[in-house]
Amino acid sequence: MMCKLLIVDDEADFRFLLSAEFADLGWDIDEAVDGLQALEKLARERFDAVILDYRMPRLSGAEVCQKLREAGNDVPVVLVTAATGVEQIAVSAGATTFLGKPFSFDELCRIVSNVARPCQPAPS
Amino acid sequence: MTNPAVEAHRRYVSVGKLCPELLREPVFRAWERSHVSGASARRLKAVVLEANETERLLSAEEPLIRAAKPYMRALSQAAGEDHHYAAMLGDSRAVVLDVVGHEQNARGPEGVPVPGSLLAESVSGANGIGSPLAEGGYVEIIGPEHFVEGFHLFTCQGIPLRDPDGAVVGVICVSGRRPQMVQRLREILVCAARGMEVELLRSRIEEDVKRVVATGELDEALLEKLRQDLVQSQAAARLEVELAAKSLGRSRPVEYATKLLSLAQRSMDSFQRQGALWRDLVSRARGASCVIDLDARLAVLAELLKTEAATSGITIEIEQADEGISVLADPQKLSRDLFRAFLFAFDAAQGGGLVRARARRGADEQAEVRFTAEPSSSGPPAVFLVKLPVSSSAPRVGS
């Protein structure tokens, strides 16, 4: 079974970039345009990792994390953010880890691979 | 058939004759400059500064080196499996500051010049670091088009870097041991250079923000949110350039890389528009009055505030004036006045409401911007006005 990744960001271009690159690496990709849609998808399906933007309309990334953990979902979450000093917020919200913007794709890829549930991306 | 540049070099070295008919025009100009300034065409290696001078220079240029690094890594990957490529960064005097690339090319005995190498045309002749600085724009030097013999193995493509005020602060170059220029590298080099300039602008903005926060003139929490929005544009641009370079390195369809570069340009355009506005907002200096297109200024402010509006559940609408309205104003003061009016309107909209901004011509050569805040809950809308003198005849010079 392919590794499944959920990319949550209100910026379509960002989702496009990450989806294309992770798909190229063998991941099965799904996207959510905001926190509410992310929670719906995470309640319905099992994902092996989530890339979650911190600052989004309606529900922030930290709030999404909190609601996930309250619902008992332990999916690994990488919170990505342009904010400084957010480590404490990320940890207390239940994110597995966070990555500050700007970041390189190689950094993000390494972090996601490290925290994802054990799975095997399909050969690219 | 002999490469014309090889023949040009042979003639120059043997009889001191410059042959414009054998060289491309920009290369001939570079050779002329090199000749006039006394560079030696027989040189086999670059001149390098003393170690302690190099160290001092690298320390002084650390902000530029840091801004350039992510893009240099991307550039060196764009050549893919061709391990003979390296990206080089030079300062504004053409001294090499950094080299990123395959070990063999970056640091091998026949590698590109190392940090501390003097590549000004007066020392090293026409080359991919000194010549872009001398020309003030993109230059490619292919193999034997290099003035000095020691660089004939390389093909170099370079472009100057400018700071937010337009001054040249350095130069970036991609060099490979190939006999021809690579067009796709040119496109990504130009984009990467712009990305580095965006990084420099971001650093400048961060310093400005720290200064304004320290004075308490603007709300710190809001400034932080706006800073994050700027970083978002910059982060997108950097990622787009990195991924475009990777895709070229993996020989994926050029259309994909082209799309990514186009996205990167858009992200950088957005960053620079907002960045310019940011600097107006946080600057304490009074600028000279100039003619400003009100609708365009409102549109950029709305763009700057769009994420803040979205997270507050507020919708912003800019109603275009029937005819363009230009005002004569200090751009910094105007930006601050309009920005404050937007913030008052946001407060009045109380989350989830609508903020409309409309520029219109009033009486007596005045223009005004009317901000209407309609809360989502029942309640009367709030109105704020910003009045300005209309420019009657001066040509439009900025938005």
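Axes here are lines fitted to C-alpha atoms, for helices over the stretch in contact, and the angles between their N-to-C directions run from 0 to 180 degrees. Helices (H or I, at least four residues) and strands (E, at least two) are DSSP runs, numbered from the N terminus. The model is a predicted one, in which local features need pLDDT of at least 70 and side-chain atom pairs count only at pLDDT 80 or more, while totals for chains, interfaces and linings use all residues. Residues are numbered from 1 along each chain as its sequence is written, chains are lettered from A and ligands numbered from 1 in the order in which they are written, and side-chain values use heavy atoms, with hydrogens and water left out.

Two packed helices are described by the angle between their axes and the distance between the axes. In chain B, helix α4 (residues 62-78) packs with helix α8 (residues 183-215) at an angle of about 160°, the axes being 9 Å apart. The two are therefore roughly antiparallel, a label given to angles over 145 degrees, with those under 35 counted as roughly parallel, 65 to 115 as roughly perpendicular and the rest as oblique. Residues in contact (heavy atoms within 4.5 Å) include B:L64, B:Y71 and B:M72 of α4(B) and B:I188, B:M196 and B:E199 of α8(B). By class, this contact has 14 nonpolar, one polar and two charged residues; Ala, Val, Leu, Ile, Met, Phe, Trp, Tyr, Cys and Pro count as nonpolar, Asp, Glu, Lys and Arg as charged, and the others, Gly among them, as polar.

The axes of α2 (residues 35-44) and α3 (residues 61-70) of chain A come within 10 Å and cross at roughly 25°, so α2(A) and α3(A) are roughly parallel to each other. Here too α2(A) passes α3(A) in a right-handed crossing. A:G35, A:L39 and A:L42 of α2(A) meet A:V64, A:K67 and A:L68 of α3(A), and by class the contact has four nonpolar, one polar and one charged residues.

Backbone geometry in chain A also deserves a look. Most residues other than glycine have a negative phi, and most peptide bonds are trans. A:R58, in the loop between β3 (49-53) and α3 of chain A, has a positive phi of about 70° although it is not a glycine. The peptide bond from A:K101 to A:P102 is cis, with omega near -5°, and A:P102 is found in the loop between β5 (97-100) and α5 (105-115) of chain A.

Between the chains, 30 residues of chain B are in contact with 24 residues of chain A. The buried area (accessible area, 1.4 Å probe, that two parts lose on being put together, summed over both) is about 2300 Å², with carbon and sulfur atoms giving 54%. B:Q228, B:Q232 and B:L239 supply 25% of the area that chain B buries against chain A, more than any other three residues.

The side chains of B:R250 and A:E21 meet in a salt bridge at 3.3 Å, N to O. Within chain B, B:R24 forms a salt bridge with B:E140, the closest N and O atoms being 3.7 Å apart. B:R24 lies in the loop between α1 (4-15) and α2 (25-37) of chain B and B:E140 in strand β5 (residues 139-142), so the pair ties together parts 116 residues apart in sequence.

Note on methods. A crossing is left-handed if the near helix is turned anticlockwise from the far one by less than a right angle, and right-handed if clockwise. A salt bridge is a side-chain nitrogen of Lys or Arg within 4 Å of a carboxyl oxygen of Asp or Glu.
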